[in-house]
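Colleague: I would like to learn how to read a protein model feature by feature. Could you take me through one?

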Amino acid sequence: EQELVDTARHRLRSGVAVADPAHVDAALSERPELADEQRDAVRALTTSGDGVQVLRAAAGTGKTYALEAARAVWQASDQHVVGCAISARAARELQEQTAIPSMTSAKLLDDLSQGWAPEPCDVLVVDEAGMVGTRAMAQLSRHAAHADVKLVLVGDDRQLPEIDAGGALAGVSKRVGALELHDVRRQQHEWDRDALAALRHGKVSDWARAYREHDRIHTA
């Protein structure tokens, strides 16, 4: 974890994958449905120049829409984006919903270990980064730094924990900083958003009580 944090600090404001501000404005104007916090995240991701950047986003906060807009900005600035995720399902969804060519993190690391670099890219997006083990994350970070590629870690450190030794996403977020999406958009009712926030913070009884009161739990 310390290696990853040190690399992230060293690569702050390194000028990597900086998009043309005009392309940022154009992409955001074409997507009026984006909320202010999503717009702020897109602008920060594409213009900060940080070599490692974290986007913390709980499920339903619209991180996929923000990533799709960021991809469009980078693409318009002739910067190629590649993605990966720990599961094949997540990698497929990332590719389908954002148009970012994606693969599993295991395949990417295996290819890199054998000297097979993925298609040339300027930005590597790691989705569900909270579930990626620290050792694997450190390997991705080393490869990204060596190739001068921007590493974007997207996820929720309160998600299911890593199977491998973990804590990388939380460590970088706490010690280097992170962009954040807070507002849940997937659930339309405030009580539902509050209940899921309680579940995310480990308050299972509060979540269960709310779902029982609204007839959302059925037993058989």
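Predicted model: local features only at pLDDT ≥ 70, side-chain atom pairs only at ≥ 80, totals over all residues.

Colleague: Start with the overall make-up. How many helices and strands does the protein chain have?

Modeller: The secondary structure comes to 10 helices and 6 strands. The protein chain has 220 residues, and 48% of them count as buried.

Colleague: How is a pair of packed helices described?

Modeller: By two quantities, the angle between their axes and the distance between the axes. Here, helix 3 (residues 36-47) and helix 4 (residues 63-76) have axes that come within 9 Å and cross at roughly 40°. The crossing of helix 3 past helix 4 is right-handed.

Colleague: Which residues make the contact between helix 3 and helix 4?

Modeller: Helix 3 contributes Gln38, Val42, Leu45 and Thr46, while helix 4 contributes Tyr65, Ala66, Ala69, Ala70, Val73 and Trp74. Sorted by class, this contact has 8 nonpolar and 2 polar residues, and no charged ones.

Colleague: Next, the cysteines. How many disulfides are there?

Modeller: The count comes to 0. The test is distance: a disulfide needs a pair of cysteine sulfur atoms within 2.5 Å. The cysteine sulfur closest to that of Cys84 is in Cys121, at 9.8 Å, so the two are too far apart for a bond. Starting from Cys121, the closest cysteine sulfur is that of Cys84, again 9.8 Å away and too far for a bond.

Colleague: Is Cys84 buried or exposed?

Modeller: Cys84 is buried, and its relative accessible area is 0%.

Colleague: You gave a positive phi for a glycine. Which residue other than glycine has a positive phi of about 55°?

Modeller: That is Ala17. Ala17 sits in the loop between helix 1 and helix 2 (21-29), and is buried, with a relative accessible area of 9%. Ala99 is another non-glycine residue with a positive phi, near 65°. Ala99 belongs to the loop between helix 5 (88-98) and strand 3 (102-104), and is partly exposed at a relative accessible area of 48%.

Colleague: Last, how do I read a residue against distant parts of the sequence? Where does Asp148 lie?

Modeller: Compare the separation along the chain with the C-alpha distance, then list the contacts. Asp148 is in the loop between helix 7 and strand 5. Between Asp148 and Asp122 there are 26 residues of sequence separation, and the C-alpha atoms are 7.5 Å apart. Beyond residues up to four places away in sequence, Asp148 touches Arg11 and Val16.

Colleague: What does Ala178 contact, leaving aside its neighbours within four places in sequence?

Modeller: Its contacts are Val54, Arg56 and Ser173. Ala178 lies in the loop between helix 8 and strand 6 (179-181), and is partly exposed, with a relative accessible area of 30%. Ala178 and Ala41 are 137 residues apart in sequence, yet 9.8 Å apart C-alpha to C-alpha.

Colleague: And where is Arg89 found?

Modeller: Arg89 is in helix 5 and is partly exposed, at a relative accessible area of 40%. Its C-alpha atom is separated by 9.5 Å from that of Met103, 14 residues apart from Arg89 along the chain.

Methods:
Residues numbered from 1 in each chain as written. Heavy atoms only, no water. Helix = DSSP H or I, 4+ residues; strand = E, 2+ residues; numbered from the N terminus. Buried < 20%, exposed > 50% of the residue type's maximum accessible area, 1.4 Å probe, protein only. Axes fitted to C-alpha atoms, helices over the stretch in contact; angles between N-to-C directions. Left-handed = near helix turned anticlockwise from the far one by under 90°. Contact = heavy atoms within 4.5 Å. Nonpolar A, V, L, I, M, F, W, Y, C, P; charged D, E, K, R; others polar.
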